[in-house]
Amino acid sequence: SYVAAMASLSEEVLLVVKKVRQKKQDGTLYLMAERIAWGPEGKDRFTVSHSYSDIRCQKISPDGKAKVQLQLVLHTGESTTFHFANESTSRKDWEAAKELLQQLLPKFKKKANKELEEKNKMLQEDPVLFQLYKDLVVSQVISAEEFWANRLGGINNGESAACENKQEVGISGAFLADIRPQTDGCNGLRYNLTADIIESIFRTYPAVKQKYKENVPHNLTEKEFWTRFFQSHYFHRDRISTGTQDIFSECARQDEKGLKSLVTQGVKNPMVDLLSLEDKTLDEGYGISSALPSTSHASRTVKESSNFAIIKRFNHHSAMVLAAAKQKEQMNSFINIFKLITVYLLRDVPADQASETSSTDGNSRDSDFFQPPLKKVKLQEAIEYEDLQQENRPKTVALNLKKSDRYAHGPVPLQSQQYTTSQDIINSVNYIKHEMSNYKPNLTQVLSSAAASSAIAALSPGGVLMQQVAQQAINQMVPTEIQAELKHLYVAAGELLRHFWTCFPVNTAFLEEKVTKMKSNLERFQITKLRPFQEKIQRQYLSTNLTGHLECMLQAAYSKFHIWQTRRMMRKT
Amino acid sequence: MKLNIDGLLVYFPYDYIYPEQYSYMLELKRTLDAKGHGVLEMPSGTGKTISLLSLIVAYQRAFPLEVTKLIYCSRTVPEIEKVVEELRKLMEFYAKETEEVNNFLALALSSRKNLCIHPEVSSLRFGKEVDGKCHSLTASYVRAQRHGNPNQPVCRFYEEFDAVGRQVPLPAGVYNLDDLKDLGRRKGWCPYYLARYSILHANIVVYSYHYLLDPKIADLVSKELAKKSVVVFDEAHNIDNVCIDSMSVNITRRTLDRCQNNVDTLQNTIQRIKETDAAKLREEYRRLVEGLKEANVARETDVYLANPVLPDEILKEAVPGSIRTAEHFVGFLRRFLEYLKSRLRVQHVVQESAPQFLKDIFDKVCIDRKPLRFCAERLQSLLRTLEITDISDFSAVTLISNFATLVSTYSQGFTIIIEPFEDRTPTIANPVLHFSCMDPSIAIKPVFQRFQSVIITSGTLSPVDIYPRILDFRPVTMASFTMTLARTCLCPLIVGRGNDQVALSSKFETREDFAVIRNYGNLLLEMSAVVPDGIVAFFTSYVYMENIVASWYEQGILENIQRNKLIFIETQDAAETSMALEKYQEACENGRGAILLSVARGKVSEGIDFVHHFGRAVIMFGVPYVYTQSRILKARLEYLRDQFQIRENDFLTFDAMRHAAQCVGRAIRGKTDYGLMIFADKRYARADKRGKLPRWIQEHINDGSLNLTVDEAVQLSKHFLRQMAQPFSQVDQLGLSLLTLEQLESPEMLKKIAQIAHQT
């Protein structure tokens, strides 16, 4: 039923390859927008279906091998092999599938990060959890994030904060250098290109990415594209563009344009603006003409212009590498600048004066408005002598070195014999002591066993809080499948209730929000899960009393919520 | 704190003081007392500016009749603004301590480009365009035309200033460039003319060198400044070159072509006016006959550039008859132009003196010396009479007439060199006539004569005694101050050999030597792995840098460096370099680290500081000798030898070393800063080179670091950087390189301080 459901969704089919064998069975391979699937011949269902995000990589049979195969390795470690069996077009089919996968997989790769793998593993190892996941997340009672919120906490405790605000990884300045060509022994060059390097190239040189999008795979294969890239003058920075039909000559032009626009934008920091450094407005005819060579292109020798090109490219490359790492920061820095300006305005310009400033000028040029604050800050920085003033900055922790010698010289390599000095022993004892003194049991997460069992007792049918429902021996009353279903419902309800009750006492805005959400989750659970089940048992003429305890538990939660809410309303009014 | 400097109460706006600041103020006070000139060298980052300002302001307050004004000259716009901000700090301190309203007026003055608030004019990109456009809106005859024609555009800011701006003097306070603009916007006054007017009664004026050293500008702006002023030239290590620049002219074929157009336009305009308003020309002629130096009363807005020669050289006679009528003068200009054209048609280099040139021009086209001397004045008068609005279009003919006046006024200290082509490209004809001043003392002489005290100061002025010789003046004090340090925060290393023992040098013979280039690359590579954040490397010239970079690229060295740091390179395009600089700082700031490859004598080496992490190491590849094949330089060296008995080699070495010192000094901008200074050339080890470095650098070069290999230098650097990375707090400095008032007043300390100044 699962496969049928998946197939019924309208999906875009990107590629259909017939006569593909899987486990010695003929069939058809479908590449769709989000998954790859295979169905045996003559049947309209898929026996193999992998979402792209589940695929770790594809492995291909080497050129020239008789069997043309493609293997998909999943994150779970399983693999599926497809054999392209069409005699005449097998190689072509295989190429097409491979190319398409090559483009599709990286898109999904980001999703399949470590965390995802971890989740997958947990679900596979714990069938109860998996069932719970299906009950709650797949049926959209709660979102996946909510579901994982405090499950994953156990795995990477403490790291979660760091994960949330994950730092973008920059690009190595020398990524092009890592592609060092190697001679392959038969008069050719081999370039080693990895997905990371391609990613770096694309991020640093958007023009190349553009070209790639335009040409691959319609005009060029992946391989051809990169071969041309390495042959182009574009890659070899000292070669001058000869204006050939090279697809990368346009990239060079675009870079040039980009560089120019960067240059004409000017610099934000007035202290490094060489153009407005000098306070002299005379013609070039005055003064000693410096001994600099003229910069006109006409008088350049070939070598000079090649040198010139290298320098330009290095500046451009470095700027692009910097920019690539910065894209995400930009928003933040903009906000910071904005704050700075606000502070400046508040501090320095009385309101009436500010309005006057803008009105007399009439034209509110942005540059004029935005420039002074930064300039002022930079000027103040430049004239500051921190040591001449009383110290009043926040104290930082100083590095306390017992043996600064050792720090200055670095560790000395140990000789071959191994021995333990008394100093070592003392050190390790000290280390353990230090560890112990810093040990902090996580008390807030622990419930005493007595309290836990009394809580369970109170909530069990017949307990203090659950007096309306009586205990029933379920195993003789209902068929096993209903039992199983009921069990799932209990687990799911228990999970939701656990989320709900952990919100109390509600003392932060976050918890407030969560408790409200959890309440609606409970309601949704009741409607989408519990009700259908009740109707089902009704249809089978079984005692509706089966779910009494569940309802009771939900009611307890609702009334708690109600009390909390009314109290909150009262406090507000 | 309040200091007692030799009996003078000095307010110093900080809680602590460096010992050398005290010593510096002491010397400065002696100079002012003696009403003489001084040369003072003090390392950058030791608070030179605030010391100067504190003492001179205190002096002005104590002896208001002795010193009426402080004229503070600096080189770049950011430096000017920095000075004003420091002054503001001082004034705020005065206000706080004395609790009385200060009546000091201090302001910065800069070119129109930096002060204009007219929406259209200020949006122009080049200073020249701003000047020209401003002139076309504010010239007196333009404004006069507005009476007849209300549609004639004028500048409302100037009009408003002219109407009411002069009635009440600018209220006391400190006005930076942006403050002036703000004020201008609020009042609707032109900030530029407001500032120019206000400097006459200001107590402190901060502006660029040119306003005092370039007669074309000085005569307009600084003519009426009081004689009882103290003039300070800060960052003055290159002052001789500024002086020479202000008196030199270059003429190319393009100049002459544009000049030809100018003369044609003048002719046509005269023709037109003759038909419509001949009276105007007759009036001009009449006034010239009467011997009035200027045919019209020139308003402040009318004069674009003043006479290029110094005030005492300007003839106080009537304009000679041969160029009195407008047509005759244009004819005269035509003849002069034709003559210059013929001079540029040369096949070989010509070098001659001004008298030789005058003789030749008389022989060939019968132009006398006297009308030539009046050329600049006469042209100004004509441009005013013709009511030319777009004065910047006439820059070519102005240049030619300025040249005429200069060449006929000075018979000594100048040389004329006509080169048919550039040395590097002998096949491409590109004739240039250089009229170069060789004697920096000419331009600065009136300053020394006119003002009672002139202070020449910088972080690098070594050897101090050469400046009085080349500028031809007698200082009453000459001193070089060291930097007192609680920890040795600078580490000068002389790398003379590669790891393969190849001698490292940028000297001409080994310039193309691959072994040297490779070793230089290796040095940079190794350093890039060791030094945190920013490294700045300087080369001796653009060409040298371009070649080395290309070679490093081919050898794969740059790629390896890129693994450690990003690379940015200075180019000859200022805008591009600014961008590279900003990105460089960004890369240092975000922790990635970067290398800036730059050029000694370039814009970066002269104007940009690399404080703290922006420059943890400076590498000077080679000794930055000036391009010695230049004929202008050769002529100048000859002149120095004959006139001042300065040997060629001494001057060249002095010049190279001051630029090297400038480059490496960029990295240390204070006592809390630290940095490596790597001199990568074995010649630095020689006493004649090393001895010309500033004392504050020299004293940290020990004999062990004179001829290091790359590896040795790397080891020393590692050690140095690790030590510097230790926490360094104010307490560590106190009593040694940082003093409280109490500590300062102790007798031992005063004795110690007396040794800081190294008198020459």
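Reader: Which residues in α13(B) meet which residues in α16(B)?

Author: From α13(B) come B:L266, B:I270, B:I273, B:K280, B:L281, B:E284 and B:L288, and they meet B:R378, B:L379, B:S381, B:L382, B:L383 and B:T385 in α16(B). Contact here means heavy atoms within 4.5 Å. By type, the residues of this contact divide into eight nonpolar, two polar and three charged. A word on ground rules: this is a predicted model, where local features need pLDDT of at least 70, side-chain atom pairs count only at pLDDT 80 or more, and totals for chains, interfaces and linings use all residues. Residues are numbered from 1 along each chain as its sequence is written, chains are lettered from A and ligands numbered from 1 in the order in which they are written, and side-chain values use heavy atoms, with hydrogens and water left out.

Reader: How do the axes of helix α13 and helix α16 of chain B cross, and how close do they come?

Author: The axes of α13 (residues 253-289) and α16 (residues 369-385) come within 9 Å and cross at roughly 115°. Axes are lines fitted to C-alpha atoms, for helices over the stretch in contact, with angles from 0 to 180 degrees between N-to-C directions. The crossing of α13(B) past α16(B) is right-handed.

Reader: What makes helix α12 of chain B mostly covered?

Author: Six of the eight residues in α12 (residues 239-246) are buried, where buried means under 20% relative accessible area, exposed over 50%, and partly exposed in between (1.4 Å probe, protein chains only). The buried ones are B:I239, B:D240, B:V242, B:C243, B:I244 and B:S246.

Reader: Why is B:D6 called partly exposed?

Author: Its relative accessible area is 45%, so B:D6 counts as partly exposed. B:D6 also has a positive phi of about 50° although it is not a glycine, and it lies in the loop between β1 (2-5) and β2 (8-11) of chain B.

Reader: And why does B:R601 count as partly exposed?

Author: B:R601 has 28% relative accessibility, so the label is partly exposed again. Phi of B:R601 is near 75°, positive in a residue other than glycine. Look for B:R601 in the loop between β18 (594-599) and α24 (603-607) of chain B.

Reader: Which residues does a cis peptide bond join in chain A, and at what omega?

Author: That bond joins A:F504 and A:P505, with omega about -5°. A:P505 sits in the loop between α19 (480-502) and α20 (509-539) of chain A.

Conventions
Helices (H or I, at least four residues) and strands (E, at least two) are DSSP runs, numbered from the N terminus. A crossing is left-handed if the near helix is turned anticlockwise from the far one by less than a right angle, and right-handed if clockwise. Ala, Val, Leu, Ile, Met, Phe, Trp, Tyr, Cys and Pro count as nonpolar, Asp, Glu, Lys and Arg as charged, and the others, Gly among them, as polar.
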